[in-house]
Structures are given as C-alpha cells and as structure tokens.
Amino acid sequence: MRKSIQFVVKYTKHCNLRCAYCYEYKELHKTDKMELADIERFFLNCKKYVEQNTQHINFIWHGGEPFIIPLDNYREIKKLQDKIFSKDVVVSNGIQTNMTILTDKHIKFLKEEEFFDSVGISFDVYGDQRVDINNQLQTDLVLKNIQTIIENKISVGGISVLARNTFPYVKEIYSFYDELNIPIRFLPIYRSAFDTQVEQHALTVKEILVAMKMLLEAWSSSKSAVLVDPLDEYVNYAIAYMTKDENLKYFNKRDDEHTFILNKDGNLWGISETYNQEFLYGNMFSETFEEVIDSKGREKALIAAENRCEKFCKNCKYYGYCSGSFINNITPIEELSIEKEGCIIKLSIDLIIDFFQEHDIDTYIKNHLSQQTWDCFHT
Ligand code: SF4
Ligand code: SF4
C-alpha cells in the first residue's frame with residue numbers, strides 16, 4: 001500500500017500573469033483546458049489502482065492559473081469524484097493559485113470547502129516578477145486578496161520562488177508569512193521553459209545555501225517559528241543524524257514514488273524528467289495507471305534515479321538519516337548544479353548541525369522554538 005498518491009494536474013496553462021521565470025512561459029497564452037470527459041477518463045483509469053493500493057488520493061489543480069477556470073467546472077469534477085471513487089478512499093483537492101483572481105464567489109467556495117481542502121498561494125512578496133500581460137506588477141492586488149483570505153479565516157500555505165531577484169529578500173519574505181502565521185515553502189528554480197531563464201533567474205547551490213542560512217536565522221529568532229519548507233525537512237535530517245535515529249526509511253522511487261505530473265493532454269510524468277518524451281510514463285486519458293507505472297518511460301526514470309542515488313547518496317555521511325527523496329526526484333537543472341557544487345541538502349545539514357552546536361540545543365529549544373514546532377520534528 002502507498003500512503004497516498006498525488007497528481008499535480010495541469011488543468012490549463014493559461015495564466016493572467018507573465019512571471020519571467022515561469023517554466024510554463026511558452027504556453028501561458030493558450031486558453032484551452034482539460035475537458036470534463038478527459039478528466040472522467042483519467043479518474044476511471046486510476047480508480048482500480050487507487051482503490052487497491054492506497055487510502056488517499058490527492059489532486060493539486062495547477063496551471064497556468066487554475067482560478068481562470070469557472071468554479072462550476074470544479075463542482076462538476078467533484079460530482080465525478082463522488083461517482084467514481086469508492087468511499088473507502090479519501091479524495092482531497094488542493095489548488096496552487098497566484099491569488100490575483102478572488103471574487104465573493106471564490107471566497108464562499110473556499111470558505112465552505114466545496115472542493116478545495118488546501119490552498120497554496122504562489123507569491124514572492126518582494127521582487128519584480130509577478131507582472132500581468134501588460135508588465136504591471138500585481139503585488140498590491142495579491143496583498144489585498146491575502147488580507148481578504150485571512151479575514152475569512154481560510155487557511156492557506158505560501159510558495160515563494162527562490163530566484164535571483166527574490167534572493168536578497170529571503171528574510172523579509174519569511175517574516176511576511178511568519179507574521180501572518182502562514183507556512184511557507186521556498187522553491188528554487190528547478191525547471192525552465194528555455195535556457196536563458198536558468199542563466200537569468202536561477203541561483204547557484206552556494207547561493208541557495210546562503211538563503212538557507214538566512215532562513216535558519218530568521219526562523220530560529222522568531223517566536224512563532226512558522227514552518228518553512230524545505231528547511232524544516234533538513235532540520236529533521238540533522239536531528240536524526242545528531243541523535244542517531246535510524247528509523248527513517250530511505251526513499252525507493254520504484255515503490256515510494258507518489259507524486260505525478262499530469263499534463264493538459266493526459267501525458268503523465270514523474271517529477272524529475274517532466275515533459276521529456278524519453279521519460280514519459282504514459283497517457284492517463286487512454287491508459288490505466290497500472291499500465292503507466294509499468295511503462296518503459298518510467299523504468300528509464302527509475303534507473304536514472306537509482307544511478308543518481310548510487311552516485312550521490314551511497315557514500316554520503318547522512319545516508320540513512322536523510323530520506324534521499326531529493327536526489328531521487330531532482331530535475332536535470334538541479335543535477336547539473338549538484339555535479340558542480342555538491343548536494344544542497346548535505347550542505348544544509350552541515351550548516352544546521354554547526355548552528356545547533358554553536359547555540360547549545362537545549363537552551364536554544366527552550367528559548368526559541370515553540371513546543372508545537374519541536375513536536376513537529378518528532379512526528
Ligand atoms: S503565476 Fe504561476 S503560472 Fe502564471 S506566470 Fe507566474 S509562475 Fe507561471
Ligand atoms: S547526498 Fe544529499 S540527498 Fe543523498 S543522502 Fe546525502 S544529503 Fe541526502
């Protein structure tokens with residue numbers, strides 16, 4: 001049994017913004033979307049596998065901007081899910097939105113959890129990337145909408161891209177979310193639409209490490225210490241290493257892979273070689289999930305992941321304390337930078353251990369971490 005299966009569904013590539021670092025940049029103008037009949041075929045094609053192999057299926061409705069699509073479409077999808085999936089399976093739905101589209105109807109829809117049970121807001125707070133098609137910055141609109149979301153007590157998570165022009169503001173971005181008590185995920189650029197995007201916007205491993213250091217300092221000096229991903233994950237690994245806790249299972253992509261990217265045309269990939277035809281798992285509009293995960297494309301992706309683990313993880317001192325899911329799932333862009341500069345997780349764990357040793361961990365916990373945050377490390 002897999003604990004859960006997650007599909008990141010590229011419902012449409014259409015977006016009202018034009019962030020220059022967006023890996024969907026070439027397709028943002030395309031207004032088509034998945035048809036309901038396609039979505040029904042997708043659900044039917046994964047039904048048997050899901051019901052026999054997991055208790056939880058999670059769909060992240062992604063884009064483009066998924067709120068461009070009328071809310072009634074999501075209501076129709078909900079009806080399909082209720083009709084197709086057994087009641088023994090928990091079906092959940094999340095959305096990743098740029099939070100520029102928010103009417104009273106959206107507020108009511110989210111508040112009543114008609115369809116979405118989790119909302120991720122992709123918003124950098126600082127930097128000059130979040131512009132519309134007329135190159136106008138949308139920061140004020142998003143800030144206003146986040147305020148409305150908070151007033152309506154809708155719980156959300158934040159996502160901020162770690163790029164060249166957000167890098168100088170890492171601490172400020174963390175403080176913004178921390179003060180609002182919104183958990184935040186920092187996402188370095190890991191996929192691109194064209195080469196110049198990487199040159200212009202991506203950070204080196206050393207720069208990401210500096211960002212991690214700034215985050216560690218901001219997080220550790222905060223009283224609320226809202227969860228910050230991926231730092232919280234790296235802290236867990238550091239603690240496992242320091243306490244010699246060997247209970248963590250090393251990630252085995254063959255059995256443990258649980259996140260899949262479903263493109264608008266039904267093509268399915270893992271999260272490493274997404275959009276590369278050589279590694280295509282199959283098509284969920286015309287094949288069953290059993291066929292897709294047994295495909296040659298997936299086998300190729302699994303072998304590539306196993307080779308990466310052999311190359312980067314087997315001789316790493318944190319092997320067994322770090323889950324290795326990062327190396328299993330890295331994209332070609334990330335692999336190139338790791339080849340040159342080393343594994344960002346290893347470097348981050350080194351940094352965290354030094355930090356804990358410098359700060360006397362017991363006093364540090366007492367003074368700085370909330371009990372709730374500490375408990376999170378142990379669950
Ligand atoms: S809001 Fe998201 S999908 Fe739209 S351009 Fe920006 S990064 Fe791309
Ligand atoms: S190389 Fe990186 S991902 Fe692999 S075990 Fe070491 S720290 Fe973890």
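1. Overall size. In this predicted model, the protein has a radius of gyration of 21 Å, which agrees with the value near 21 Å of a compact globule, because that is what 379 residues would give. Along the principal axes, the C-alpha atoms fill a box of roughly 60 × 45 × 45 Å. Of the 379 residues, 38% count as buried. Among contacts with a separation of 6 or more, 75% are between residues 24 or more positions apart.

2. Secondary structure and the sheet. The protein has 16 helices and 10 strands. An open sheet of 10 strands runs in the order S7-S6-S5-S4-S3-S2-S1-S8-S9-S10, and its pairing is mixed. Strands S7 and S10 (282-283) are the edge strands, each pairing on one side only.

3. Strand S2 (56-62) pairs with strand S3 (residues 90-97) in the parallel sense, over six bridges. Within this pair, His56 stands opposite Val90 in S3. The chain passes from S2 through H2 to S3, and this β-α-β crossover is right-handed. S3 in turn pairs with strand S4 (residues 118-122) in the parallel sense, over four bridges. Here Ile95 stands opposite Val119 in S4. The path from S3 to S4 goes through helix H3 (residues 104-111), and this β-α-β crossover is also right-handed.

4. Pairing of S1 and S8. Strand S1 (residues 5-10) and strand S8 (residues 259-262) pair in the parallel sense over four bridges. Val8 has Ile261 in S8 as its bridge partner.

5. Which residues of helix H5 (residues 170-179) are buried? They are Val170, Ile173, Tyr174, Phe176, Tyr177 and Asp178.

6. Most residues other than glycine have a negative phi, and most peptide bonds are trans. Asn181 is found in the loop between H5 and S6. Is Asn181 buried or exposed? Asn181 is exposed, because it has 10 other C-beta atoms within 10 Å, and the limit for an exposed residue is 12 or fewer. Lys244 also has a positive phi, of about 55°, although it is not a glycine. This residue, Lys244, is found in the loop between H8 and helix H9 (253-256). Lys244 counts as exposed because it has 8 C-beta neighbours inside 10 Å.

7. Cis peptide bonds. Gly63 and Gly64 are joined by a cis peptide bond, with omega about 10°. Gly64 is found in the loop between S2 and helix H2 (71-84). A cis peptide bond also runs from Asp229 to Pro230, with omega near 10°. Pro230 is found in the loop between S7 and helix H8 (231-242).

8. The shell around ligand 1. The residues around ligand 1 are Cys15, Leu17, Arg18, Cys19, Cys22, Glu24, Leu28, Gly63, Gly64, Glu65, Asn98 and Ser122. Among them are Gly63 and Gly64, the two residues of the cis peptide bond with omega about 10°. By class, this shell around ligand 1 has five nonpolar, four polar and three charged residues.

9. The shell around ligand 2. Around ligand 2 are Phe312, Cys313, Cys316, Tyr318, Tyr319, Cys322, Gly324, Phe326, Ile327, Cys343, Ile345 and Lys346. Helix H11 (296-313), helix H12 (325-329) and helix H14 (344-359) each give two or more residues to this shell. How many residues of each class does the shell around ligand 2 have? There are 10 nonpolar residues, one polar and one charged.

Methods. Residues numbered from 1 in each chain as written. Chains lettered and ligands numbered in written order. Predicted model: local features only at pLDDT ≥ 70, side-chain atom pairs only at ≥ 80, totals over all residues. Near = placed C-beta within 6 Å. Nonpolar A, V, L, I, M, F, W, Y, C, P; charged D, E, K, R; others polar. Buried ≥ 20, exposed ≤ 12 C-beta atoms within 10 Å, placed from the backbone. Pairing = 2+ DSSP bridges. Right-handed = clockwise from strand over helix to strand, strands pointing away. Rg over C-alpha atoms; globule rule 2.2 N^0.38 Å. Contact = placed C-beta atoms within 7 Å.
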